[in-house]
Amino acid sequence: MVHGRRVLPESTELTAAHWTSGASGRLLVQRCLQCRRWSFPPVPNCRHCWSGRLEFEPVGGKGALTSWAGVPGPRTAGRLVGIVDLVEGPRLMLGVVECDPDDLRVGAPVRLVFENVDDRIWLPLAELEESDLFEDRIEAVS
Ligand SMILES: [Zn+2]
């Protein structure tokens, strides 16, 4: 699905619970009932043990930035995509918003925010936690 200048995820029977979960303020991520590992994006069978017994579980929305990159192309100038490891364990690839690229660091704390695109898609995005807090934490351990 193309929305404005972006390509957005497709909401299907399999993925609808995930993409609409932002409406409640908590992201639902698929988790395997057999091996307890996470799968993102949602899949019909666990990507780790191939079990078909999967459920959606809410995550708290806090994590750490692992890596990031600018999105190439003239129409996407300034857009950033990052890999975020959530506290609960799942690793998500998300747009990174409301930040100065110079403030990004590996391990920087981020939180999930949601952009309500339409009634089928609440797009999870990563926002850098207050940089003041981050500075405080650096001082606290030095
Ligand atoms: Zn599994």
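Which residue in strand 5 is the bridge partner of Q30? The model examined here is predicted; local features need pLDDT of at least 70, side-chain atom pairs count only at pLDDT 80 or more, and totals for chains, interfaces and linings use all residues. Residues are numbered from 1 along each chain as its sequence is written.

The chain contains 2 helices and 10 strands. Helices (H or I, at least four residues) and strands (E, at least two) are DSSP runs, numbered from the N terminus. Along the sequence these elements follow the pattern β-β-α-β-β-β-β-β-β-β-β-α.

The partner of Q30 is F56 in strand 5. Strand 3 (residues 28–32) and strand 5 run antiparallel and are joined by 5 bridges. Two strands are taken to pair if DSSP finds at least two bridges between them. An open sheet of 3 strands has the order 4-3-5, with antiparallel pairing. Its edge strands, strand 4 (38–39) and strand 5 (54–58), each pair on one side only.

Strand 6 (residues 62–70) pairs with strand 7 (residues 80–86) in the antiparallel sense over 7 bridges, and G70 has L80 as its bridge partner in strand 7. Strand 6 also pairs with strand 9 (residues 109–118), again in the antiparallel sense, over 3 bridges. Here A64 stands opposite P109 in strand 9.

Of the 142 residues in the chain, 21% are buried (20 or more other C-beta atoms within 10 Å of the residue's own, with C-beta atoms placed from the backbone). Among contacts with a separation of 6 or more, 48% involve residues 24 or more positions apart; two residues are in contact if their C-beta atoms, placed from the backbone, lie within 7 Å.

Key: Buried ≥ 20, exposed ≤ 12 C-beta atoms within 10 Å, placed from the backbone.
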